[in-house]
Amino acid sequence: MQESHVTLLDGTPVFIRPLKPEDVTLYPDFLADVTSDDLRLRFFAPMREVSPAMIDRLIHYDPVKAMAFIAIEEATGRMLGVVRLHDDPDGDTGEFAILLRTRLKGHGLGWLLMKHMIANARDKGLHTVRGQVLSENSTMLRMCQELGFHVADDPVERGVKQVTLSLEDLPELTN
Ligand SMILES: CC(C)(COP(=O)(O)OP(=O)(O)OC[C@H]1O[C@@H](n2cnc3c(N)ncnc32)[C@H](O)[C@@H]1OP(=O)(O)O)[C@@H](O)C(=O)NCCC(=O)NCCS
């Protein structure tokens, strides 16, 4: 299930598929619609914009050690969000990150992208998905809890939560 056609809570049809190098052209329009607050929640550092060098790194991931999925609005072809998962060196665990267009928050896309990533992580044979979430990011922490993640203080970084989901014995994932 690398690709999936889904519908947002407001009825918008969306196509989720693996992120490709050609999608670099979709990033400027996408990032223009992401607030600096949301960039900080995603990258943990104040930033007004994402540099071309960083976009290049985000686009050119190693498909053996990472996966990334883009959500495209079917009607317009515009990029609405992206989720990624990078394997730890142990090969059992992957670390995720997710970012959406700010105006689209609360429409159910974050939920759908997380489920898509989790299902693909399980298909790949990973045992655990983990992420770091700022303690103030209550939407993300609540969503992680509803998805079954265990939430705990990060052992190293203050103000950061470590969220962990065991993929073993996970109930069947439905949208
Ligand atoms: C965090 C983020 C990804 C959340 O995405 P979102 O699309 O706004 O969230 P959703 O609309 O999918 O979910 C919102 C709520 O609906 C629930 N929900 C959505 N779809 C659902 C479904 N099909 N079934 C059940 N619950 C659902 C979620 O659990 C959540 O519940 P809540 O009302 O208790 O909060 C998004 O806000 C974002 O990009 N933030 C900036 C970057 C960031 O914070 N990244 C995370 C750091 S790794």
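Start with Gly-94, which sits in strand β5 (strands are DSSP runs of E with at least two residues, helices are runs of H or I with at least four, both numbered from the N terminus). We're working on a predicted model, where local features need pLDDT of at least 70, side-chain atom pairs count only at pLDDT 80 or more, and totals for chains, interfaces and linings use all residues. Residues are numbered from 1 along each chain as its sequence is written, and side-chain values use heavy atoms, with hydrogens and water left out.

**Exercise 1.** Work out whether Gly-94 is buried or exposed, and what it is in contact with.

*Solution.* Step one: Gly-94 has 0% relative accessibility, so it's buried (under 20% relative accessible area; exposed is over 50%, partly exposed in between, with a 1.4 Å probe and protein chains only). Step two: skip its neighbours within four places in sequence, and the contacts of Gly-94 include Leu-85, His-86, Leu-126 and Arg-130 (contact means heavy atoms within 4.5 Å). Step three: Lys-115 is 21 residues from Gly-94 along the chain, and their C-alpha atoms are 14 Å apart.

**Exercise 2.** Find where Asp-92 is and how accessible it is.

*Solution.* First, look in the loop between β4 (79-87) and β5 (93-100): there's Asp-92. Next, its relative accessible area is 33%, so Asp-92 is partly exposed.

**Exercise 3.** Say what stands out about the phi of Phe-44.

*Solution.* First, find Phe-44 in the loop between α2 (36-43) and α3 (52-59). Then check the angle: Phe-44 isn't a glycine, yet its phi is positive, about 65 degrees. For background, most residues other than glycine have a negative phi. Last, Phe-44 is partly exposed, at 27% relative accessible area.
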